[in-house]
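Subject: The structure I said I'd send

Hi,

Have a look at it first, then read my notes below.

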Amino acid sequence: MFLYALNHLVGYDLWTMDELKGYGSAKTDGYSTICHGHPEIEVPGIEVTTGPLGQGVANAVGLAIASKNLVARFNQPGFDVIKSRIYCMTGDGCLMEGVALESIALAGHLKLDNLVLIYDNNQVTCDGPLDWINTEDVNSKMRACGWYVLDVHNGSYDVQSIVCALEHSKNVRDQPVFINIRTVIGVGTPTAGTAKAHHGSFDASYVADSKVSAGQDPSKTHQVTDRALEFFRECKTSGQGLNTEWHGLLQRYHTTHPELYQSLQKRQQGKLDDGIFKVLDSTDTRDMLSLATRESNGLIMEKLWEACEALCGGGADLANSNKIYQSVTDVLLPGNYAGRYIRYGIREHAMASVSNGIAAYAPGAFIPVTATFLMFYLYVSCLNSFSFHS
C-alpha cells in the first residue's frame, strides 16, 4: 500500500483515489482494482512482480546488474545516457530469506555501487520479537559480504538523518550500500513495537486522534491535503524536466555516436538482430543427433551468444556439467561490467530471481539465460512462482 499511495501522490494518472480505496476491499459484482495484494509489473509505476519475501532484494540486484551492463556498453565521455541508481526497501523477514542472502553476497562480490538497500529495522516479525528467532549482527554480516553500511538510529522521527544517509550513499564507490534504519513499528499506538502492530487492526479512536494531530478531519478517509499533494506532485514536474533533459542528451548522443545510438535504440525496443535467425536457420540439427541435449544446447548457445547482444546470464557453478556456453573473455565482473556472462556461483535461487530483475530493467533489452540441474530448477521454480518472468 505504501508504494500504491506514493504512486498516487506523485501523480500517476491511473493511480486514482478510487483505485486506492479498492486495496483490501472485497472484489464483488465485477469490481477490480490495480491495487493488488502484491504489486504486479503490468501496472504503471511497478518495476517487478514480487510476493515471497526476499524476491525484491534479488530483483533489485538484477536491476543493478542490468544498469551497470548498459552503462559500460553505451555511455561515453560527456554522454551518461544510462544513469540508474536502484533503491530497495527491505525488512527483517527478507534478510532471513536464502534468496536475499544469496543475492546480497553476489552484489557485494560484484561491487554494485549503484544499489542501495534500505532496511526498516523494527525488530518485529509476524509471530513476535525478532530476537525470538534471530540475534545476528546484521551490520557485520553486510560488511563481510562487501557492503558499505550506514546507520540511522531514530528512523521514526529523525527524517534528516535518513536524507543525509541517502545523499551519502551516492558518493560511495565500489560497494553497494546498506542503510540500517531503526524504527518503531506502529509508532505512537498502544501496540507500538509489538507483533500486533505488524498485522493487527488499530483502534478507531487512535486513528481519529492521529488524524486530528495531523490537522485532518477524523470523520473522513482517503483524503490528502492540498499542501501535501502540492509537495509530492512537484516530483512529477521535476521528473518531466529530467526526462526532457535526457531526450536532449540522447539526441546529441545520436549525432556524436550514431552507431551506438542505433544499437541502444534496438535494445530499448527489444528488437532482435537478423543474425540470430540466420544462425538458427543455418544450424543443422542432424549434426547433433548423437549428442546429449545439454551438449547441443551449449553449441547453439555459443553461436547465438555472438549474434545476440541481448543474451546475458550464466550458470550456477554447473556450466561445465550443463555444457552451457561460458565465455572466458565476456564475463561480467568489476572492471568489466560490459561482460554478459555472469558467474552466479552456487546460488540457484538468486540466479533465477536476479534474472527476473535483469529482464525487468528494460523489457526486451535483455534475454536472461540461466542453467543448472533439473532437480535444482524444481525448487527454484517453486520459490519464483510469484516472481516476474520474461
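This is a predicted model: local features need pLDDT of at least 70, side-chain atom pairs count only at pLDDT 80 or more; totals for chains, interfaces and linings use all residues.

Below I go through the sheet, the cores and a few single residues.

Residues are numbered from 1 along each chain as its sequence is written, and side-chain values use heavy atoms, with hydrogens and water left out.

**The sheet**

Start with the open sheet of four strands, which has the order S1-S2-S4-S3 and parallel pairing. Helices (H or I, at least four residues) and strands (E, at least two) are DSSP runs, numbered from the N terminus, and two strands pair if DSSP finds at least two bridges between them. At the edges sit S1 (86-90) and S3 (148-152), each pairing on one side only. On average, neighbouring strands here are turned by 20° against each other, direction ignored. (Axes are lines fitted to C-alpha atoms, for helices over the stretch in contact, and angles run from 0 to 180 degrees between N-to-C directions.)

Now the pairs themselves. S1 and S2 (residues 115-121) are joined over five bridges, and Cys88 has Leu117 in S2 as its bridge partner. S2 and S4 share six bridges, with Ile118 opposite Ile179 in S4. S3 and S4 have five bridges, and there Val149 stands opposite Phe178 in S4. Going from S3 through H6 to S4, the chain makes a right-handed β-α-β crossover; right-handed means that, with the strands pointing away from the viewer, the path from the first strand over the helix to the second runs clockwise.

How well covered is S4? Mostly: five of its six residues are buried. Buried means under 20% relative accessible area, exposed over 50%, and partly exposed in between (1.4 Å probe, protein chains only).

**The cores**

A nonpolar core is a set of buried Ala, Val, Leu, Ile, Met, Phe, Trp, Tyr and Cys residues joined through side-chain atoms within 4.5 Å. Which residues touch the most other members of the largest one? They are Ile65, Leu112, Leu115, Leu117 and Phe178, out of 52 residues. Helix H3 gives the most to this core, with nine residues. A second, separate core has 16 residues, including Ile276, Ala307, Tyr325 and Ala371.

Thr283 lies in the loop between H11 (274-282) and H12 (293-307). Thr283 counts as buried because its relative accessibility is 14%. The side chain of Thr283 reaches the backbone oxygen of Val279 at 2.6 Å. Leaving aside neighbours within four places in sequence, Thr283 is in contact with Met288, Ile300 and Lys303.

Most residues other than glycine have a negative phi. Lys111, in the loop between H4 and S2, has a positive phi near 55°. Lys111 counts as partly exposed, at 37% relative accessibility. His222 also has a positive phi, near 55°, and is found in the loop between H8 (204-213) and H9. His222 is partly exposed, with a relative accessible area of 40%.

Cheers

Methods
A polar contact is a pair of N or O atoms within 3.5 Å; within protein, one must be able to donate a hydrogen and the other to accept it, and residues adjacent in sequence count only if both atoms are side-chain atoms. Contact means heavy atoms within 4.5 Å.
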